[in-house]
Amino acid sequence: MSDMDLVVEICGSAGEGTISAGEILSRFMSEEGYDIMSFDSYPAEIRGFGKCVAHTRVGRGEVLTPGKYSDVLIALNDIHAIGQLPVLKEKGILIYDNKPPKYHLEDQSVVGWLEPGMIPYGIPLTELSIKASGNSKARNMVALGAFSALFGIDKTSFIESVKRRYGKKKQDIIDSNVNSFLEGYTWTLEHVRKIDPFRFDGTGAAVKRDQLIINGNEATAMGALAAGLHLYAGYPITPATKIMEIMSKELPKKGGIFLQTEDEISSIAHVIGAGYAGKRAMTGTSGPGFCLMSEFTGLAVMAEVPAVIVDSQRGGPSTGMPTKHEQSDLNIALNGGSGDCPRVVIAPTQVDECYQAAVLALYIAEKYQTLVILLLDFFLSNSIKNMDHPSPPDPKYLNTHVLPDDGDLPDFKRYKITDNGISPRTIPGKTGGMFFATGLEHDERGKPVYDTKSHTLMTEKRHRKHAGIAAEMIAPHITGCEGAVDIGVVSWGSSAGAAREAVAHATAKGIKAACFSTQFISPFPEQALRDFSKRCKKILVPEMNYSGQFANMIARYMERPMERLNMVTGLPMASEDILKKIEEIA
Amino acid sequence: MTIASETVKTIVYSTDPRDFGLVRKSIPCQNACPALTNIPGYIRCIHEGRYGRSYELNRMANILPGVLGRICSRPCELYCRHGESDLGKPVSICSLKRSAADLKSPMHRIMEGLYSPSGKKVAVVGAGPAGLGAAHELSVLGHRVVIYEAFEKPGGMLMYGIPEFRLPRDVLMLEIENILRLGVDLKTGVRVGRDVSLDSLLSEYDAVVLSTGCPSPNNLNVPGEDLENVYPGLDFMERVNRGEKPYVGKNVMVIGDGFTAMDCARSALRLGASEVKINIRKTEEYMPIDEQEKHEVKFEKIRFYSLVDTKRIIGENGRVTGIEFLRTKLEYSPVPPYRTASPMPDSEFILPADSVIVAIGQRSDPASISSRIKVSGSRILTADDRFSTDMEGLFAAGDCMSGPANVISAIARGRKCALEVDEYLTRGKRKIQVVRLDPVPSTDRDRSYDFISRTPMDTLDFDERVKPGNKEVEKGYSEEQAAIEAKRCYLCSLTYEIDTKKCIYCSACIDVAPRDCIKMIAGVPVSPDGSLGDFNETVKWNHVAAIAIDNERCIRCGQCYEVCPMDCIHVTKAELIELNKEA
Amino acid sequence: MPSNDHYVIIGNGPAGNHAADTLRENDGEARITILSQESVLYYYKHKLTEYIKGKTGEKELTVRPSHVYKDKRIRLRLGQEVERIDPLENRLYLKHMEIMSYTKLIIASGASPRILPSVSNFGKYLALLSSYTDVLNQLPEIRKNKRFLVLGGDLISFKFIRMLKDMGKDVDCLLYADAFWPFNLTTEMADAASESLRKSGVRVLSEDGLKAVKQTDQGFDVMTEKGHGAIYDSIYAFLGMVPNISFVLGSGIDTDRGILVDDHLKTNFDNVYAAGDCAQIYNPDIKSYWLSVGWKNASVQGEVAAMNFLGAGHVINPSPKKILNVEGFTVDTSWWEAFE
């Protein structure tokens, strides 16, 4: 098993330590040198006794998706875990409590539903937890102990990892966790006969390392903070709230300003105000909040004020499905608001890319004095990935105001027509640098005008900025076979990982395939796509929306028929689904 | 004294029927013990290392703890809560009793609550367990007691029925000695009905207690039973216990499924038999002996041969050569153990045998004492629970009035009979039963104790067993083993109760409950005897009158006690004790 | 008309599967569930030795794929052990703490290797092998180890020894007189068997027994009563089988060596039947109780139990279903007497 690749789900009730067990496991695996990706789900109600699933994929190679099906299901709650059995693989493994305090009624025991071929390992989770810690709350740690024993995980390293995680907690909490882990570990070694082939030991994992284990929201917030964010104004909304939480803690420490506003309109207004004042500012929201901001997005573009909006997409329209995944805000991100309104749209495809994307967003907004929309989605916001500690942003991305020469000041033309569309601007307070900033069409000095010529020139100038941005954008990510291929998969945002993985699997199966994905949606790497398109017999565009918003958008660059894979399952794109489609059309 | 529903703050002695009901239902082992031994109490003492106190707690109910700790048929363990199907195996109650006797100090002080001499004289006929129990209690109560024993040694079946490898005679004699030291006069070798008449005893003594047991073996009533080397089990054991070596040959067939049959088989093995079979009519499952005993028998390579019925014993020249059996099949019967075996027609087959021991039960023989005694079958007829016969001053206790029963029942009956005799002699009750309620500040137990598995008893190797000397097979627990086994006891005498006045119905206790021991109830009915019945459970919150702990399901793990945010769970030690009425 | 019946079959061997199939063929409506202690699909037991040798794959070992059960609407619960039965309430208590109800029950739980009293002192050193699960657990050891001692006498032991020899192992065999199962070998048979084994290079130790076993770094240091001493990597015991009935004990369903059934395979409960290796039946021809041996018997009994379940009134026939060929002699028995 040199290419260890395991998807583990821990399923329990809220309050049973399900999510924290998943986190402990992914953290440890990452420290051990494995690539991980987690995507947990928990009840829509914040406090409830609903179902929680901690879903983690651990792999030796690069892990691009959390995996649609699981190899191992750890059931902390039978009823909830029964609901996860459909995603357990044919030869999947179930770890369950074989000695719960009370008998389950018929068909309410998870192991009772196992399909032939699946492997059950019964562990007396509750009993061992009580034995080790005096209560049944440490069942999650007992289960991790059992898991470690079954899959050849070094117990000493694991315990060290747990101790590091609980470092600042009381000793008895650490002891209770460690003892419960050991109880599960020892019991399993002594009592369970392993019949599955999975083992981590002997897989020659990479060198141990200290890495970040973070989700897309955290990476975004980290990037923004590193890029010198000064103000964050926002209104809570799933799935973007986490960014706001981080900002509320971190910004004040750095002398920045955090504001929870009365609504999203106010949030974007604050951001534009700060941008006008020369400070880097950002807001974060999801579809419904983004709609409210639409009018102000126009102002940022028209008045040429830097502004960054993070839109973490969720199931829509309207309130839709707050805790479900979808990629259906592309249309509004690209086209929302009134008028000819060029804006920058960046959609990172992986958690680690969120960091750089946030840096770039603030940089572009400041330098090009315009609106940048960072398009995340529920999956990217919540999926957890290991990544190296990012190096601080290149200084060229910091403090990038394009300021006028003092000689220009006596007759300051704030909206001077330039070749690259960027007009030097003053920061308010600069002597002689006063100007009108308005949402009305204006002349070079900012004075409202309505004549044909001015509007034409100004509209052109605003659009000209994109050529400069295009020159600075991150190149598309192209993987798979080189040269002519049968299938070319064109993907964007968080679906790109699944697309790359599917293409890799297809290639391994002998299908000639390649994958094109881009973080930059606007401006768009048109030529690169045309070049890619030329070597593909067929083009497949998978995305998590119904109408094919991305496919519709790129159609104009290629003018050729496309295969589409559109799904609105509320779940992340799965490589299995893309692979199936590839095999269908290949 | 109305105690039951109120939480006790200090020690209280209650005679409320609800408290008697509580003790009866919540301490299943004690209730199953014919002598009502305070089992949680004495096990707790072992846990604390107080072996002497443990021994004395036993002695209050049973004057032969060292003996019963070895050979009791353990009715308590069948009911031990730890043995319920989801909880593991019962506590080794019996072996712990032996530990109390074994581990107590050799300087141990015997406690006796002696009453002043009453001037009354009582004769006890038979020095078996019932007679010894009666004699001891009567002496304590101040009466002058004379025991008439037909054999040359006291002990009855303990001395002549049970083999030495199960009960060393020094243990037996020491505990008998402790009874005799109260001034009991033991006349051995005197058979009432032959050497002295019952009538003369009745005229000489203020009361006479018959405790003559069941000395007459039952017969198969099949052809060939009179052949040489066919022994009634009781006679066989008596001869072995007298030190004789009856001929068994190599191939021994024992017929019967009780403790005596096992003793005969195991003794035959020690007399040199190489193949011993125990032939039973039903199956192992329905044998009236415990699993431990079955295990020991099998360990000694003795085989059970089930589903067979003896048709006749076959012989040549007057000596046994074999048995002709019929196969049987099980059939339902309305009385415990709910099965009978009936032979199947045309299923005869023959197995060879050098000797046959027939141990299929025994009966009492009142006619040999006096023809005037009224009988029911072969049992002496007594008034219900009063042990009195229709003859003035004549009482009967033990197997002679109950039919064959276990030793602990005989001791219990002897003692109860003595109390009846005392009431007859003094025209009043001097001892009464009460429930002692004692609030305790903690649950006294660690949850981890619940996961300790039953401590096996170390025994002799097979080779050691068959060596001459009849060495005791079971070695007894060491101090460490006893300490571990004692931890396993749930201490069911600790009863748990939720104070409904303080409970906030958060159900945190229900969440941590290890089984369905805490219930939402609409009410509790009162049984005809004044005790509380089973809870009326409900799942509808608007019907819930209280959240209550079912002490019959509770395993005293203390989880609820620890989790309760209101500290409204109280633990009370409830013990059945005997009080001196005059005090 | 929809049926509310739930037929539960304990056991996933030939008896259990034939019973399930028969029930489905005759009752299209009822729920049918098979419970199996092992986690593997229904397999051919007689192919296990070939599997150990590597001559047969997992696929050939499996009688049928799992979708067959789906097609027949038979719910297969693998790896699920019955802890006890409450026949009065028609309930099964499963070891993983689930209560299951049935309307009718067939117990076809098979048999496991027995440890004779004569070797019980050495129990912890002895390897036992009778199921696929055992094979899966022991396969690496069997393939790796070189020196084997087989305590034998039963039918399977001969097959196992043949397999070891085919695999090029060194094999010594201790023939236990009381271990011949399912029948008592005559002296001639025993001699023939010994001779045949010897010819194939097996050292046969007869009329001998284990005296001492010590576990050392080199392996098991064995001394026999007759003074044969050697070191082995593995000691295997094949001393006959005992029915798997521990979960039935104390339930009220009558047992002896096996589960007591009448000649319709019915237990003392009207809705509980037993079939295959675990069922003990009285046979008037031999005036004794007997337990069946082998695949064919189990299959037939499974079918008969299922038919009687549905009210057919079939009587089981104890006459041999198979002639057993063992090391140079043949025996026409397919059952063993229920007495040691």
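## Contacts between chains

In this predicted model, 16 residues of chain C are in contact with 17 residues of chain B; two residues are in contact if their C-beta atoms, placed from the backbone, lie within 7 Å. The side of chain C that touches chain B has seven nonpolar, four polar and five charged residues. For these classes, Ala, Val, Leu, Ile, Met, Phe, Trp, Tyr, Cys and Pro count as nonpolar, Asp, Glu, Lys and Arg as charged, and the others, Gly among them, as polar.

Chain C also meets chain A: 19 residues of chain A are in contact with 18 residues of chain C. On the chain A side of this contact there are nine nonpolar, six polar and four charged residues.

## How to read the model

Residues are numbered from 1 along each chain as its sequence is written, while chains are lettered from A and ligands numbered from 1 in the order in which they are written. The model is predicted, and local features need pLDDT of at least 70, side-chain atom pairs count only at pLDDT 80 or more, and totals for chains, interfaces and linings use all residues.

## Chain A as a whole

Chain A has 18 helices and 20 strands. Helices (H or I, at least four residues) and strands (E, at least two) are DSSP runs, numbered from the N terminus. A compact globule of 586 residues would have a radius of gyration near 25 Å, and the 26 Å of chain A agrees with this. The radius is taken over C-alpha atoms, and the globule rule is 2.2 Å times the number of residues to the power 0.38.

Along the principal axes, the C-alpha atoms of chain A fill a box of roughly 85 × 55 × 45 Å. Of its 586 residues, 53% count as buried. A residue is buried if 20 or more other C-beta atoms lie within 10 Å of its own, exposed if 12 or fewer, and partly exposed in between, with C-beta atoms placed from the backbone. Among the contacts in chain A with a separation of 6 or more, 75% are between residues 24 or more positions apart.

## Two helix pairs in chain A

Two packed helices are described by the angle between their axes and the distance between the axes. Helix 7 (residues 216-226) and helix 8 (residues 241-253) of chain A pack at about 40°, with their axes 8 Å apart. Axes are lines fitted to C-alpha atoms, for helices over the stretch in contact, and angles run from 0 to 180 degrees between N-to-C directions. Helix 7 and helix 8 of chain A are therefore oblique to each other; angles under 35 degrees count as roughly parallel, over 145 as roughly antiparallel, 65 to 115 as roughly perpendicular and the rest as oblique. Residues of helix 7 in this contact include Ala221(A) and Leu225(A), and those of helix 8 include Ile243(A) and Ile246(A). The contact of these two helices divides into five nonpolar, two polar and three charged residues.

Helix 15 (residues 495-508) and helix 18 (residues 575-585) of chain A pack at about 50°, and their axes are 8 Å apart. Helix 15 contributes Ala498(A), Ala499(A) and Ala502(A), among others, and helix 18 contributes residues including Ile578(A) and Leu579(A). By class, this contact has seven nonpolar, two polar and one charged residues.

A cis peptide bond joins Thr238(A) and Pro239(A), with omega about 5°. Pro239(A) is in the loop between strand 8 (231-234) and helix 8 of chain A. The peptide bond from Gly316(A) to Pro317(A) is also cis, with omega near 0°.

Pro317(A) is in the loop between strand 11 (307-313) and helix 11 (330-335) of chain A, and Ser318(A) lies in the loop between strand 11 and helix 11 as well. Ser318(A) is not a glycine, yet its phi is positive, near 55°. It counts as exposed, with 8 C-beta neighbours inside 10 Å.

## Inside chain B

Chain B comes to 20 helices and 24 strands. Buried residues make up 45% of its 583 residues. In helix 7 (residues 93-103) of chain B, eleven of the eleven residues are buried, so this helix is largely enclosed by the rest of the structure. What covers them includes helix 2 (28-32), helix 3 (39-47) and helix 18 (479-487) of chain B.

Leu172(B) lies in helix 10 (residues 169-180) of chain B. Is Leu172(B) buried or exposed? It is buried, with 22 other C-beta atoms within 10 Å.
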